[in-house]
Amino acid sequence: MNRFENQTAVITGGASGIGFAIAEKLAGEGAGVWILDMNATAADDAVKSLKDKGYRAEFVEIDISDEGGVKSAFQRIEDYGGCSIVVNAAGIVGPNGIPVTEVALSDFERTCRINLTGSFLVTKYALKVMLPGQYGRILLIASIAGKEGNAGMAAYSASKAGVIGLVKSVGKEYAESGVTVNALAPATIMTSMVEKMEAHQIKYMTDKIPMKRCGKLEEIANLAAWIVSKESSFNTGFTFDMTGGRSVY
Ligand SMILES: NC(=O)c1ccc[n+]([C@@H]2O[C@H](COP(=O)([O-])OP(=O)(O)OC[C@H]3O[C@@H](n4cnc5c(N)ncnc54)[C@H](O)[C@@H]3O)[C@@H](O)[C@H]2O)c1
(Lines give C-alpha, C1' and ligand atoms only; values in the text may rest on other atoms or scores of the structure.)
Protein backbone atom coordinates (compact mmCIF):
# COMPACT_ATOMS: atom_id res chain seq x y z
CA MET A 1 0.00 0.00 0.00
CA ASN A 2 1.54 3.31 -1.07
CA ARG A 3 -0.96 5.85 0.19
CA PHE A 4 1.77 8.38 0.85
CA GLU A 5 3.95 7.88 -2.22
CA ASN A 6 5.62 11.14 -3.32
CA GLN A 7 4.62 12.81 -0.06
CA THR A 8 6.82 14.16 2.70
CA ALA A 9 5.73 13.94 6.32
CA VAL A 10 7.13 15.87 9.28
CA ILE A 11 6.74 14.21 12.66
CA THR A 12 7.67 16.14 15.78
CA GLY A 13 8.44 13.86 18.69
CA GLY A 14 9.17 11.22 16.06
CA ALA A 15 12.14 9.83 17.96
CA SER A 16 9.95 7.88 20.37
CA GLY A 17 6.57 6.41 21.25
CA ILE A 18 3.53 7.60 19.34
CA GLY A 19 5.51 9.90 17.03
CA PHE A 20 7.87 7.11 16.01
CA ALA A 21 4.98 4.67 15.43
CA ILE A 22 3.31 7.21 13.13
CA ALA A 23 6.60 7.95 11.33
CA GLU A 24 7.15 4.24 10.73
CA LYS A 25 3.59 3.77 9.48
CA LEU A 26 3.75 6.69 7.03
CA ALA A 27 7.24 5.72 5.83
CA GLY A 28 6.05 2.14 5.34
CA GLU A 29 3.34 3.46 3.04
CA GLY A 30 5.69 5.51 0.91
CA ALA A 31 6.28 8.84 2.65
CA GLY A 32 9.68 10.40 3.19
CA VAL A 33 9.80 11.48 6.84
CA TRP A 34 11.48 14.27 8.75
CA ILE A 35 11.81 13.60 12.44
CA LEU A 36 11.90 16.79 14.50
CA ASP A 37 12.85 16.10 18.09
CA MET A 38 14.92 17.47 20.95
CA ASN A 39 16.42 14.06 21.79
CA ALA A 40 19.21 13.70 19.24
CA THR A 41 20.36 10.28 20.43
CA ALA A 42 16.91 8.71 20.23
CA ALA A 43 16.22 10.46 16.93
CA ASP A 44 19.44 9.15 15.38
CA ASP A 45 18.42 5.62 16.39
CA ALA A 46 14.91 6.19 15.00
CA VAL A 47 16.23 7.45 11.67
CA LYS A 48 18.69 4.57 11.46
CA SER A 49 15.98 2.00 12.08
CA LEU A 50 13.79 3.56 9.38
CA LYS A 51 16.66 3.69 6.90
CA ASP A 52 17.53 0.06 7.69
CA LYS A 53 14.05 -0.82 6.43
CA GLY A 54 14.69 1.07 3.20
CA TYR A 55 12.62 4.11 4.14
CA ARG A 56 13.57 7.76 3.57
CA ALA A 57 14.15 9.59 6.85
CA GLU A 58 16.01 12.69 8.10
CA PHE A 59 16.36 14.32 11.51
CA VAL A 60 16.36 17.95 12.66
CA GLU A 61 17.06 18.70 16.31
CA ILE A 62 14.58 21.26 17.66
CA ASP A 63 12.70 22.30 20.73
CA ILE A 64 9.14 22.87 19.49
CA SER A 65 8.63 25.62 22.06
CA ASP A 66 11.41 27.73 20.50
CA GLU A 67 10.05 29.83 17.63
CA GLY A 68 13.42 30.39 15.96
CA GLY A 69 14.14 26.66 15.89
CA VAL A 70 10.71 25.73 14.53
CA LYS A 71 10.91 28.45 11.88
CA SER A 72 14.33 27.41 10.64
CA ALA A 73 13.42 23.70 10.64
CA PHE A 74 10.42 24.37 8.39
CA GLN A 75 12.54 26.68 6.24
CA ARG A 76 15.00 23.84 5.73
CA ILE A 77 12.16 21.41 4.92
CA GLU A 78 10.74 23.92 2.41
CA ASP A 79 14.17 24.26 0.79
CA TYR A 80 14.20 20.48 0.33
CA GLY A 81 10.79 20.44 -1.41
CA GLY A 82 8.30 21.08 1.41
CA CYS A 83 5.89 18.72 3.10
CA SER A 84 2.21 17.79 2.82
CA ILE A 85 1.82 16.12 6.23
CA VAL A 86 2.76 17.41 9.68
CA VAL A 87 2.08 15.46 12.85
CA ASN A 88 2.87 17.18 16.14
CA ALA A 89 3.53 14.37 18.62
CA ALA A 90 6.21 16.07 20.72
CA GLY A 91 5.01 16.67 24.24
CA ILE A 92 5.64 16.14 27.92
CA VAL A 93 3.45 14.97 30.76
CA GLY A 94 4.66 17.55 33.29
CA PRO A 95 3.72 17.36 36.97
CA ASN A 96 1.49 14.37 37.70
CA GLY A 97 0.07 12.49 40.64
CA ILE A 98 -0.24 15.72 42.66
CA PRO A 99 -3.07 18.22 43.25
CA VAL A 100 -2.93 21.65 41.67
CA THR A 101 -2.01 23.30 44.99
CA GLU A 102 1.34 21.48 44.81
CA VAL A 103 2.10 22.35 41.21
CA ALA A 104 4.94 24.86 40.81
CA LEU A 105 4.29 27.75 38.45
CA SER A 106 7.47 26.93 36.53
CA ASP A 107 6.29 23.34 35.93
CA PHE A 108 2.83 24.50 34.87
CA GLU A 109 4.30 27.03 32.45
CA ARG A 110 6.85 24.59 31.00
CA THR A 111 4.12 22.00 30.34
CA CYS A 112 1.94 24.57 28.58
CA ARG A 113 4.92 25.99 26.71
CA ILE A 114 5.88 22.66 25.17
CA ASN A 115 2.42 21.12 24.69
CA LEU A 116 0.40 24.18 23.73
CA THR A 117 2.82 26.89 22.55
CA GLY A 118 4.75 24.17 20.70
CA SER A 119 1.55 23.05 18.95
CA PHE A 120 0.84 26.64 17.97
CA LEU A 121 4.34 27.16 16.55
CA VAL A 122 4.39 23.89 14.62
CA THR A 123 0.93 24.63 13.18
CA LYS A 124 1.90 28.19 12.27
CA TYR A 125 5.04 27.24 10.34
CA ALA A 126 3.52 24.08 8.84
CA LEU A 127 0.71 26.20 7.36
CA LYS A 128 3.20 28.63 5.84
CA VAL A 129 4.85 25.75 3.98
CA MET A 130 1.60 24.03 2.94
CA LEU A 131 -0.73 26.87 1.94
CA PRO A 132 0.94 27.77 -1.37
CA GLY A 133 0.37 24.18 -2.58
CA GLN A 134 -3.32 24.30 -1.50
CA TYR A 135 -2.99 20.88 0.13
CA GLY A 136 -1.90 19.63 3.51
CA ARG A 137 -2.75 17.59 6.56
CA ILE A 138 -1.86 18.79 10.05
CA LEU A 139 -2.49 16.50 13.00
CA LEU A 140 -1.85 17.54 16.60
CA ILE A 141 -1.69 14.86 19.28
CA ALA A 142 -3.92 16.12 22.11
CA SER A 143 -5.25 13.81 24.85
CA ILE A 144 -8.47 12.62 26.47
CA ALA A 145 -7.10 14.56 29.47
CA GLY A 146 -7.79 17.72 27.47
CA LYS A 147 -11.44 16.76 27.02
CA GLU A 148 -12.28 15.20 30.36
CA GLY A 149 -9.49 16.41 32.67
CA ASN A 150 -7.34 14.00 34.66
CA ALA A 151 -7.20 14.65 38.40
CA GLY A 152 -3.54 14.96 39.39
CA MET A 153 -2.58 16.33 35.95
CA ALA A 154 -3.88 19.90 35.89
CA ALA A 155 -1.06 21.35 33.79
CA TYR A 156 -1.15 18.56 31.22
CA SER A 157 -4.97 18.57 31.01
CA ALA A 158 -5.06 22.36 30.59
CA SER A 159 -2.36 22.30 27.91
CA LYS A 160 -4.16 19.59 25.93
CA ALA A 161 -7.53 21.38 26.25
CA GLY A 162 -5.70 24.31 24.69
CA VAL A 163 -4.57 22.12 21.79
CA ILE A 164 -8.19 21.08 21.17
CA GLY A 165 -9.26 24.74 21.13
CA LEU A 166 -6.38 25.59 18.78
CA VAL A 167 -7.47 22.92 16.32
CA LYS A 168 -11.12 24.03 16.43
CA SER A 169 -10.11 27.58 15.61
CA VAL A 170 -7.40 26.99 13.01
CA GLY A 171 -9.44 24.29 11.26
CA LYS A 172 -12.14 26.90 10.61
CA GLU A 173 -9.66 29.60 9.57
CA TYR A 174 -8.24 27.37 6.80
CA ALA A 175 -11.32 25.28 5.98
CA GLU A 176 -11.28 26.36 2.33
CA SER A 177 -7.53 26.19 1.85
CA GLY A 178 -7.03 22.49 1.11
CA VAL A 179 -5.13 22.13 4.40
CA THR A 180 -6.97 20.26 7.16
CA VAL A 181 -6.08 20.70 10.83
CA ASN A 182 -7.22 18.00 13.24
CA ALA A 183 -6.28 16.50 16.58
CA LEU A 184 -6.25 13.04 18.08
CA ALA A 185 -7.13 12.45 21.73
CA PRO A 186 -5.73 9.14 23.00
CA ALA A 187 -6.24 7.57 26.40
CA THR A 188 -3.26 5.70 27.86
CA ILE A 189 -0.78 4.19 25.40
CA MET A 190 2.26 2.55 27.03
CA THR A 191 5.24 4.68 26.01
CA SER A 192 8.31 6.04 27.78
CA MET A 193 6.24 9.10 28.76
CA VAL A 194 3.74 6.96 30.68
CA GLU A 195 6.44 4.70 32.15
CA LYS A 196 7.94 7.78 33.85
CA MET A 197 4.65 8.70 35.55
CA GLU A 198 3.64 8.09 39.16
CA ALA A 199 2.23 4.54 39.56
CA HIS A 200 -1.02 5.74 41.14
CA GLN A 201 -1.51 8.21 38.27
CA ILE A 202 -1.13 5.41 35.70
CA LYS A 203 -3.65 3.27 37.61
CA TYR A 204 -6.11 6.20 37.74
CA MET A 205 -5.89 6.61 33.96
CA THR A 206 -6.03 2.96 32.96
CA ASP A 207 -8.91 2.18 35.37
CA LYS A 208 -10.99 4.70 33.44
CA ILE A 209 -10.72 2.81 30.13
CA PRO A 210 -13.91 0.75 29.53
CA MET A 211 -12.06 -1.77 27.30
CA LYS A 212 -9.82 -2.49 30.33
CA ARG A 213 -6.57 -2.21 28.41
CA CYS A 214 -4.20 0.42 27.11
CA GLY A 215 -4.18 1.51 23.50
CA LYS A 216 -1.55 0.04 21.17
CA LEU A 217 0.90 2.05 19.11
CA GLU A 218 -0.28 0.42 15.89
CA GLU A 219 -3.87 1.39 16.70
CA ILE A 220 -2.96 5.05 17.04
CA ALA A 221 -0.71 4.93 13.96
CA ASN A 222 -3.52 3.42 11.87
CA LEU A 223 -6.01 6.15 12.78
CA ALA A 224 -3.38 8.89 12.44
CA ALA A 225 -2.46 7.60 8.98
CA TRP A 226 -6.06 7.82 7.85
CA ILE A 227 -6.49 11.35 9.24
CA VAL A 228 -3.42 12.57 7.32
CA SER A 229 -4.33 10.73 4.12
CA LYS A 230 -6.10 12.14 1.07
CA GLU A 231 -9.11 9.98 2.00
CA SER A 232 -9.79 12.21 5.02
CA SER A 233 -10.99 15.17 2.96
CA PHE A 234 -14.09 16.39 4.85
CA ASN A 235 -12.69 16.51 8.39
CA THR A 236 -11.11 19.61 9.85
CA GLY A 237 -11.12 21.34 13.22
CA PHE A 238 -12.00 18.01 14.82
CA THR A 239 -10.50 16.00 17.66
CA PHE A 240 -10.70 12.27 16.99
CA ASP A 241 -11.18 9.81 19.85
CA MET A 242 -8.77 6.91 20.63
CA THR A 243 -9.77 5.89 24.12
CA GLY A 244 -11.16 2.34 24.32
CA GLY A 245 -14.55 3.78 25.21
CA ARG A 246 -13.56 6.59 27.56
CA SER A 247 -14.79 8.97 24.87
CA VAL A 248 -16.20 12.33 25.89
CA TYR A 249 -18.20 14.23 23.20
N1 LIG B 1 1.28 7.83 25.81
C2 LIG B 1 0.07 8.21 26.15
O3 LIG B 1 -0.64 7.55 26.90
C4 LIG B 1 -0.50 9.47 25.58
C5 LIG B 1 -1.87 9.71 25.74
C6 LIG B 1 -2.42 10.87 25.23
C7 LIG B 1 -1.62 11.77 24.55
N8 LIG B 1 -0.30 11.52 24.42
C9 LIG B 1 0.51 12.51 23.71
O10 LIG B 1 1.17 11.90 22.63
C11 LIG B 1 2.39 12.60 22.36
C12 LIG B 1 3.54 11.60 22.31
O13 LIG B 1 3.69 11.02 23.59
P14 LIG B 1 4.44 9.65 23.85
O15 LIG B 1 3.64 8.92 24.84
O16 LIG B 1 4.77 9.02 22.55
O17 LIG B 1 5.74 10.19 24.60
P18 LIG B 1 7.30 9.91 24.38
O19 LIG B 1 7.94 10.51 25.57
O20 LIG B 1 7.55 8.48 24.06
O21 LIG B 1 7.64 10.77 23.09
C22 LIG B 1 7.64 12.17 23.11
C23 LIG B 1 8.74 12.66 22.18
O24 LIG B 1 8.67 14.09 22.15
C25 LIG B 1 9.98 14.60 22.27
N26 LIG B 1 9.90 15.94 22.87
C27 LIG B 1 9.49 16.26 24.11
N28 LIG B 1 9.53 17.59 24.28
C29 LIG B 1 9.98 18.11 23.12
C30 LIG B 1 10.25 19.43 22.67
N31 LIG B 1 10.07 20.48 23.47
N32 LIG B 1 10.69 19.62 21.41
C33 LIG B 1 10.90 18.56 20.59
N34 LIG B 1 10.69 17.28 20.97
C35 LIG B 1 10.23 17.06 22.22
C36 LIG B 1 10.73 13.61 23.14
O37 LIG B 1 12.13 13.72 22.98
C38 LIG B 1 10.16 12.29 22.65
O39 LIG B 1 10.90 11.78 21.56
C40 LIG B 1 2.52 13.65 23.47
O41 LIG B 1 2.04 14.89 22.99
C42 LIG B 1 1.60 13.13 24.54
O43 LIG B 1 1.11 14.16 25.37
C44 LIG B 1 0.28 10.40 24.92
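In α1, the buried residues are G17, I18, G19, F20, A21, I22, A23, E24, K25, L26 and A27. This is a predicted model, in which local features need pLDDT of at least 70 and side-chain atom pairs count only at pLDDT 80 or more, while totals for chains, interfaces and linings use all residues. Residues are numbered from 1 along each chain as its sequence is written.

Q: What makes α1 largely enclosed by the rest of the structure?
A: A residue is buried if 20 or more other C-beta atoms, placed from the backbone, lie within 10 Å of its own, exposed if 12 or fewer, and partly exposed in between. In α1, 11 of the 12 residues are buried, so the helix is largely enclosed.

Q: How does the span of α1 stand against the expected one?
A: Helices (H or I, at least four residues) and strands (E, at least two) are DSSP runs, numbered from the N terminus. The expected span is 1.5 Å times one less than the number of residues; α1, with 12 residues, reaches 16 Å from its first C-alpha to its last, close to the 16 Å expected.

Q: Why is β1 called mostly covered?
A: Five of its five residues are buried. T8, V10 and T12 point one way from β1, whereas A9 and I11 point the other way, and all are buried.

Q: What makes β1 a partner of β4 and of β2?
A: Two strands pair if DSSP finds at least two bridges between them. Four bridges join β1 (residues 8-12) to β4 (residues 85-88), which run parallel, and A9 stands opposite I85 in β4. With β2, β1 pairs in the parallel sense over five bridges, and T8 stands opposite G32 in β2.

Q: Why are β3 and β7 called edge strands?
A: The open sheet of seven strands has the order β3-β2-β1-β4-β5-β6-β7, with parallel pairing. Each of β3 (57-61) and β7 (239-242) pairs on one side only.

Q: Which residues are the closest to the ligand, and what makes a residue near it?
A: A residue is near a molecule or strand if its C-beta atom, placed from the backbone, lies within 6 Å of it. 30 residues surround the ligand, and the closest are G13, G17, G91, T191 and M193. The elements that give two or more residues to this shell are α1 (17-28), α4 (105-130) and α7 (192-195).
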